[in-house]
Amino acid sequence: MSGIFTKAMARNIFYGGTVFFFLLFLALTFNTTRELPQRDNRAKLTPAVAAGKKLWETNNCIGCHTLLGEGAYFAPELGNVYKRRGPEFIKAWIKAQPTGVPGRRQMPQFHFSDADLDNLVEFLKYSSEINTSNWPPNIEG
Amino acid sequence: MQYKTQAVAKPYFIAAIGLFVGQILFGLIMGLQYVIGDFLFPAIPFNIARMVHTNLLIVWLLFGFMGSAYYLVPEESETELFSPKLALVMFWIFLVAGALTVVGYLALPYATLAKLTGNDLLATMGREFLEQPLITKVGIVVVALAFLFNITMTVLKGRKTAISMVLLLGLWGLAVFFLFSFYNPDNLVLDKFYWWWVVHLWVEGVWELILGALLAFVLIKVTGVDREVIEKWLYVIITLTLVTGVIGTGHHYYWIGTPEYWQWWGSVFSALEPIPFFAMTVFAFNMVSRRRREHPNRAATLWALGTGVMSFLGAGLWGFLHTLAPVNYYTHGTQITAAHGHMAFYGAYVMVVLCMISYAMPILRGRAANSDKAQVVEMWGFWLMTVAIVFITLFLTGAGILQVWLQRISATPLSYMATQDQIMVFYWLREWTGVMFLIGLVVYIASFFIGGDKKAATA
Amino acid sequence: MSSLHGSPARATWLWLLLIAGTLLTLAIGEEGAAGIGIVALLAVISQIKGSVIILDYMALRHAPLLWRIVVPGWMIAVWSLIAIAYWSGLPR
Amino acid sequence: MLAADTPLPSLDTPPAGTPRLAGDLAIWIFILAELLAFGAFFAAYAFTRAHHIELFTHEQQALNRITGAINTMLLLTSSYFVVRAVQAAERSAPAPCARWLVAAIACGVGFIVIKLHEYSAAFERGVTLSSSPFHMFYLSLTFFHFMHVLLGLVILSALWLGARAGRYRPNDMNGLESGAAYWHMVDLVWLVLFPLVYVIH
């Protein structure tokens, strides 16, 4: 063969290229961190929202639903459910579970207090106001 | 087996396969719940089954990686493992902790588990793939550090090869990026942003270093091609991986509240992500065709080639399919993602661990390779599982396309559940293919118990 | 000794050509000229300059055929895409 | 960095006329990957521009084409100096090789200084990655390239150290040629970037 191909060069390019692109990623991360306040709805991040997020997590909602498109794909997207259904419907729905309709997907009963339900709704409201670049394409999520 | 401490890999491999079976069983439960919604409800709700399915996957792959490292590093470093005792102790700790966690998932309501395990001290639970209780997460860190200490000390006292250095870098990266799982701010966008530093920088970053190192190791062994040649290509491939994959993280930052420039940065770089996978396929086939010996373990060679092809299809092609922002706008969070996830994980990580097991296990059991009969059965397992995963992926892709159409593109969009009703047939097909996968897995496991003429003990 | 990298005199002449090309590009820019013809002209200037860099400075003139196709081909492909995009954005 | 481990003296000088790639195959694969990334970004710019023609034309006017052209010439000159350095090494003259590399580095630093000046002016105008599609592309493309200039300067510095140590000889050019090829790539990309972003409207 006419070319030269050395392990030392390949190794140096690996380390150099990795460091280079990771630094670039960090630079973009830095920029993102600075721009996030305009998009992430942090002004509405109340204690109720934080409590709601914790309920969301400790009941493993992400194990069936998606939130901003991430999660399991077994049950509806909830990032925009506040806009789709409104607060009262959401609370009534959670209280009414499981439906018990034979053969249909079932959502467990989580025994939330009224305060819990309010916090969850606050969390979903906050989530629905994050600037997601117009995602999802329509209200159905 | 050249070094007797390599033997600690064996329990790791056995545990990995055992947990793999559990993962598939829970996959089948979930698949059935997709079509018969109230199956096993309320004993095992879907979210619990899914958590077990994905967590078992992660844990058994970690067992596989650790076992592979314990097998590979002494041989590469040409020295005995620093502390085989530590490796065995960690094995039992990890296995028991993992088992207790799964029992906790199944026996307790998740909220109760969170309360009992100190989630109030530091809330880390309830995020996809990172559902483990705090104490389990801490346990993972402890086990990982002890493991890394053991491996690193072994490498430091012995020969330092490109393969062991790349493997080490990948494993250290795995541990470092896992630390982001302890960061869970109330701000959902920040939470999601750094959540991907665990998930994406694992599977499209440091895990690929592990993948590359394991594949290179097996290729050197089964083909007899010069180490120099294989190692320099290893460097080139993982360079391409990280060059595209690190900024490729941006393809997760399109719709979660992050700035819109990620749509461009993410699209451009992740569009290039198939290249390293393609290079890996070409590399694997090239090395096998340039082989300088006929290794008796043909099954291991098959797994190596399979890893190349299937990781390209699953991670490369199926990833590219929906990675561009204008496409992802419609496919984000649909069955398309599930399709990609299944083939990518199988093609890249399941197959490379099984490849390593296929190569190492016969040697750990005192022979260069299994009997022809056992190898044929193993290859049946390979084909059944691989074909099954291809069809699972195709059916989920079909489901996803229809879902996108009915729910997102159509002028009169259907609701989520109405759409699900329309795509039921794909879920049924997927479930039956899942049964085929399980059969393949059983056949694969059966191959370990088949006797016949053993090949000579020296590889 | 191989003469893969040519003579200093040739490199210097080519450098002058590159600078001239840049000044021409600048002049077009300052003039504010636009249109598909101008884009084609800029593409040709860029392509010529690129060829100097690729074939002489990078010494691909002496490389195996594949490399002499791939790297200049990259530039042709990029400029073709730019031209198509420009054309697609023209008012009609 | 690149110069750190040049291989053992490579193959004997190949017979004249044998095709040979100047530089290590590894760096050329890396260069191809970089070219692809830039190419995809250029195409994205061009097609996005086609949807926002007036915005792009308007905001492009705020860019300083004169400093852009000066920067082009700095990079071209720098490339030329690198060629002279390689030619010096090719005739076994390490001292001139190192001097040419210093000149090349100086041009690269000049590019950085002018670019930083341009950025500070842009930031004063309120240009950010999110202020408009044009600004997004302008900053992304030039910053991505800017980072490559910085990396290129690190590489040239390593080459300079190698040249001073007399490491590059006619039969051992791999490190120098690889670094030079990378630097020329940085130049090559700018030859598309400058007319595309600063001139075409």
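Visitor: What makes you say that helix α11 of chain B is close to its expected length?

Guide: Helix α11(B), residues 298–321, has 24 residues and reaches 33 Å from its first C-alpha to its last. Helices here are DSSP runs of H or I with at least four residues, strands are runs of E with at least two, and both are numbered from the N terminus. Mind you, this is a predicted model: local features need pLDDT of at least 70, side-chain atom pairs count only at pLDDT 80 or more, and totals for chains, interfaces and linings use all residues. Residues are numbered from 1 along each chain as its sequence is written, while chains are lettered from A and ligands numbered from 1 in the order in which they are written.

Visitor: How do you know where α11(B) bends?

Guide: Axes are fitted to the seven residues ending at a residue and the seven starting there, and the angle between them is the bend. At Phe312(B) that angle is about 25°.

Visitor: What makes a set of residues a nonpolar core, and which members touch the most others in the largest one?

Guide: Such a core joins buried Ala, Val, Leu, Ile, Met, Phe, Trp, Tyr and Cys residues through C-beta atoms within 7 Å. The largest has 288 residues, and Val218(B), Ala85(D) and Leu101(D) touch the most other members. Helix α7(B), residues 188–223, gives the most to this core, with 25 residues.

Visitor: Which residues is Val218(B) in contact with, leaving aside neighbours within four places in sequence?

Guide: Contact requires C-beta atoms, placed from the backbone, within 7 Å. For Val218(B), the partners are Ala300(B), Ala304(B), Cys355(B), Met356(B) and Tyr359(B).

Visitor: How do you know that chain B and chain C do not touch?

Guide: Their nearest C-alpha atoms are 14 Å apart. Chains A and B, by contrast, have the most contacts among the 5 pairs of chains that touch, with 60 residues of chain A in contact with 63 residues of chain B. On the chain A side, α1(A) gives the most, with 14 residues.

Conventions:
The expected span of a helix is 1.5 Å times one less than its number of residues. A residue is buried if 20 or more other C-beta atoms lie within 10 Å of its own, exposed if 12 or fewer, and partly exposed in between; C-beta atoms are placed from the backbone. Two residues are in contact if their C-beta atoms, placed from the backbone, lie within 7 Å.
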